[in-house]
Amino acid sequence: MEKILADIHTHTIVSGHAYGTIRENTRAAVEQGIKLLGFAEHAPGIPGTCHPFYYHNLHNIPKEIDGVRLIFGSEINVLNDGSLSLEQFWIDKLDFAIIGIHGECYQDAGKEENTKNVISCMKNPKVKAVSHPDDDHTPLDYEKLAQGAKEYGVALEVNNSSFLKTDKRLNCIENYRTMLKYCEKYRVPIVINSDAHDPSAVGKLDIAKNFIESTGFDESLILSTNPEKLLKFLEIV
């Protein structure tokens with residue numbers, strides 16, 4: 001696999017349970033050779049995260065620092081009624097949105113209903129990726145998930161942090177094997193992200209990278225090695 005040059009799922013102190021700033025994360029990205037860095041602060045529903053007004057002022061942040069292109073989004077919660085936990089007024093302020101299931105604001109509804117809820121949230125045009133779809137505490141139908149992602153132009157994430165907490169992410173390794181199989185079948189792109197909650201994890205993607213390489217996955221479907229291709233996919237100019 002070519003070098004990974006993008007990490008678009010990181011968090012700062014704004015998320016309430018992360019420990020770096022924008023510039024500290026960017027400094028770490030420079031050290032890791034990352035050229036495209038995304039900030040996806042947690043949306044309402046996660047204890048301690050920012051008020052949505054935070055997203056109103058994102059236009060004041062530089063788009064590039066020390067040669068690293070910066071993009072700003074939100075990791076928005078999938079809710080049990082298939083809706084998003086952030087109002088559209090604020091979503092429109094974002095460069096991009098990632099959606100994900102989090103136990104703090106979601107109750108397992110079974111594989112079919114969980115999958116239906118995630119796909120429902122994919123319909124929002126700002127949504128461009130699904131975070132850590134790997135945990136059997138809220139199981140997913142990976143074939144249907146891939147089909148939905150293909151239909152709505154959404155990438156599926158391989159989350160490096162999941163490999164560091166397999167005691168919490170139930171069956172995540174086998175779930176990723178299954179997910180990647182269906183991504184190849186339906187030609188669904190993937191993103192490889194750190195989900196960093198501290199600068200020390202920004203751009204640290206080797207575990208996920210090595211895992212994907214071990215599966216023989218079609219590298220043409222990996223967006224994270226080509227920042228320009230990823231920006232085009234995200235529809236960010």
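Me: At what angle do α4 and α5 pack, and how far apart are their axes?
Reply: Two packed helices are described by the angle between their axes and the distance between the axes. In this predicted model, α4 and α5 meet at an angle of about 45°, and their axes are 9 Å apart. Angles under 35 degrees would count as roughly parallel and 65 to 115 as roughly perpendicular; α4 is therefore oblique to α5. The crossing of these helices, α4 and α5, is right-handed.

Me: Which residues of α4 and α5 meet?
Reply: From α4 come Tyr142, Glu143, Ala146, Gln147 and Lys150, and they meet Asn175, Thr178, Met179, Tyr182, Cys183, Lys185 and Tyr186 of α5. Sorted by class, the contact of α4 with α5 has six nonpolar, three polar and three charged residues.

Me: How many residues has the largest nonpolar core, and which have the most contacts inside it?
Reply: In soluble globular proteins, nonpolar side chains tend to be buried together. Here the largest nonpolar core has 59 residues, and those with the most contacts inside it are Ile99, Val118, Met122, Leu156, Val158, Ile190 and Ile212. Helix α5 (residues 172–186) gives the most to this core, contributing five residues.

Me: Which residues does Val158 touch, leaving aside residues up to four places away in sequence?
Reply: With those sequence neighbours left out, Val158 touches Phe163, Tyr176, Met179, Leu180, Ile190, Val191, Ile192, Asn193, Ala208 and Ile212. Two of these, Ile190 and Ile212, are listed with Val158 among the core residues with the most contacts.

Me: Where are His132 and Asp195 found, and what is the phi of each?
Reply: His132 is in the loop between β6 (127–130) and α4 (142–152), and its phi is near 30°, a positive value in a residue other than glycine. Asp195 belongs to the loop between β8 (190–193) and α6 (206–215); phi of Asp195 is near 55°, likewise positive in a residue other than glycine.

Me: Are His132 and Asp195 buried or exposed?
Reply: The cut-off for buried is under 20% relative accessible area. His132, at 6% relative accessibility, therefore counts as buried, and Asp195, at 7%, counts as buried too.

Me: Which residues does His17 touch, not counting residues up to four places away in sequence?
Reply: His17, in the loop between β1 (6–10) and α1 (22–32), touches His42, Ile46 and His197 on that count. The C-alpha atoms of His17 and Thr49 are separated by 7.7 Å, although these residues are 32 residues apart along the chain. With a relative accessible area of 32%, His17 is partly exposed.

Me: What distance separates Gly16 and Gly48, C-alpha to C-alpha?
Reply: Gly16 is placed in the loop between β1 and α1. Gly16 and Gly48 are 4.6 Å apart in space, C-alpha to C-alpha, and 32 residues apart in sequence. Gly16 touches Gly48 and Thr49, not counting residues up to four places away in sequence. The relative accessible area of Gly16 is 44%, so this residue is partly exposed.

How values were computed
Residues numbered from 1 in each chain as written. Predicted model: local features only at pLDDT ≥ 70, side-chain atom pairs only at ≥ 80, totals over all residues. Heavy atoms only, no water. Core = buried A, V, L, I, M, F, W, Y, C linked by side-chain atoms within 4.5 Å. Buried < 20%, exposed > 50% of the residue type's maximum accessible area, 1.4 Å probe, protein only. Helix = DSSP H or I, 4+ residues; strand = E, 2+ residues; numbered from the N terminus. Contact = heavy atoms within 4.5 Å. Axes fitted to C-alpha atoms, helices over the stretch in contact; angles between N-to-C directions. Parallel < 35°, antiparallel > 145°, perpendicular 65-115°, else oblique. Left-handed = near helix turned anticlockwise from the far one by under 90°. Nonpolar A, V, L, I, M, F, W, Y, C, P; charged D, E, K, R; others polar.
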